[in-house]
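Here's a walk through a new structure, question by question. Have a look at it first, then we'll dig in.

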Amino acid sequence: NHTMTTPTRRRSLTRLGVSVAAIGIIVTILSACERGDSKEDHADDGGSHTEAPGDHGNDKGQDGHAKGQDDHTESKDDHAEEGGALNLSAEQAQSAGIRTEVIQARPLIQTVVATATIKPDQNRLARVSPRIDGRISAVPTNAGDRVKPGQVLATLDSVEVGEAHNAWIQARSELRIADADLKRAKTLVADEIIPRKDYLRAQADRAKAASAVGATANRLRLLGGSTDSGKSDLSAFTVNAPFAGTVIAKHATPGDLATPSDPLFTIADLSQVWIEADLPEVALSRLRVGANAKISVPAYPSEVFVGRVDYIGQTLSRETRTVLARMVVANTDRRLKPEMFATATIEVGAEGRMGMTVPDAAIVLMDGVQSVFVLDQDGYEARAVQPGERIGGHTVIKGGVEPGEVVVLEGAYALKARKLKSQLGHGH
């Protein structure tokens with residue numbers, strides 16, 4: 001090779017370049033043919049992905065797309081379950097404060113709602129004070145105690161009571177002397193030893209002594225003293241409960257001087273209370289004695305106390321232009337306390353038409369739609385309703401539920417919270 005002449009080497013390199021160029025052209029033609037065949041195959045298959053080398057990436061993408069469709073289907077199923085009814089056991093419903101009722105069409109009754117105050121029944125209220133001045137020596141009673149009729153509330157000492165007790169004792173002694181004189185005179189007149197006028201005089205003296213005993217005993221009792229002959233402290237007297245009730249105020253302290261003008265105790269029979277409300281002047285034409293009333297208090301928000309109107313004020317307040325309406329409510333369990341604030345809903349007449357009503361709190365917003373919860377065999381279901389006018393804390397339902405269905409009256413917000421929690425649990 002080293003001896004090859006330069007022209008010869010040039011011819012060899014020229015032939016080699018031609019050969020390389022030819023090979024390149026042939027490779028380009030073959031590649032073009034393969035691409036054409038691939039396009040034709042793709043057109044014949046209608047765009048379907050056939051299994052071929054290099055198609056594994058497409059298979060993987062197709063599987064991912066199918067998996068996404070399955071996940072979307074499962075999400076729809078979850079949403080359908082989420083939109084279903086809530087199932088609660090009896091214990092869960094009770095703990096959530098849920099109360100249901102079969103809804104029915106009832107006469108729509110006009111009402112007046114007013115803020116009220118609870119007061120003791122003034123016919124069952126007593127302010128107890130001593131009848132005379134006295135020094136307080138003992139106070140066995142405290143505020144809040146339940147007392148019986150005649151029960152001792154406090155013990156006091158008084159000079160006046162001591163004097164009255166001594167007068168009673170002296171009168172009794174004089175009566176015993178008069179009894180003995182009359183007995184002796186009766187024997188002597190029978191034996192004709194004394195004239196009959198002496199016997200009559202002895203009889204009159206005995207009657208006078210008996211009258212003195214009765215007078216001094218009455219005075220002693222009026223002062224609060226006792227006619228117990230075995231009593232050691234003659235100046236002591238007691239203040240007693242006039243009837244059964246509860247001590248709602250106490251102003252007695254041992255050692256203090258008590259006077260008739262200052263009550264020591266206030267006793268009230270709270271088994272019945274008054275509800276006093278100020279009603280607007282426009283309600284007078286419809287308000288009547290004997291009208292039914294429903295009372296609610298913040299202390300027991302889920303309860304309603306039933307009473308009736310027993311008095312309507314005879315004068316109007318100049319400042320507020322309102323009239324007093326007094327209602328009587330039974331309070332046997334003593335849960336209603338004097339001076340509590342209350343809301344009174346008083347019936348003032350029927351409208352003459354029928355309608356279904358639920359408490360205002362039974363209607364809740366679900367996805368921006370006013371709804372109530374209906375209980376059926378599947379559980380508690382949120383049902384969209386068409387509310388009407390409000391009447392005394394209740395709302396008329398014009399559509400969405402049918403008479404005879406069981407509607408949740410109390411605890412709707414608890415069910416709404418459970419519903420929202422269920423939606424959050426499904427990823428919404």
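**Inside the predicted model**

Q: Which residues does Ile118 touch, leaving out those up to four places away in sequence?
A: This is a predicted model, so we're reading contacts as heavy atoms within 4.5 Å. Past its sequence neighbours, Ile118 touches Val273, Trp274, Ile275, Val297, Leu336, Lys337, Pro338, Glu339, Met340 and Ala342.

Q: Which members of the largest nonpolar core touch the most other members?
A: That core has 30 residues. Elements giving it two or more residues include β2 (106–120), β11 (272–280) and β15 (341–359). The members touching the most others are Ile118, Ile275, Leu279, Ile295, Met327 and Ile346.

Q: How many residues are in the other core, the one with Ile132 and Phe265?
A: This core lies apart from the largest one, and Val139 and Leu156 are also among its members. Its count is 21 residues.

Q: Why does the length of helix α5 agree with what a helix should span?
A: Helix α5 covers residues 196–222, which makes 27 residues. At 1.5 Å a residue, they should span 39 Å. That agrees with the gap between the end C-alpha atoms, which is 40 Å.

Q: What do the buried residues of α5 pack against?
A: Buried residues in α5 include Tyr199, Ala202, Val213 and Leu220. Their packing partner is α4 (159–190).

Q: Where is confidence lowest in the protein chain?
A: The chain averages a pLDDT of 81, and 78% of the residues score at least 70. Strand β10 (residues 265–268) is the highest, at 96. The lowest, at a mean of 41, is helix α2 (residues 56–82).

How values were computed. Residues numbered from 1 in each chain as written. Predicted model: local features only at pLDDT ≥ 70, side-chain atom pairs only at ≥ 80, totals over all residues. Heavy atoms only, no water. Core = buried A, V, L, I, M, F, W, Y, C linked by side-chain atoms within 4.5 Å. Buried < 20%, exposed > 50% of the residue type's maximum accessible area, 1.4 Å probe, protein only. Helix = DSSP H or I, 4+ residues; strand = E, 2+ residues; numbered from the N terminus. pLDDT = per-residue confidence, 0-100. Expected span 1.5 Å × (residues − 1).
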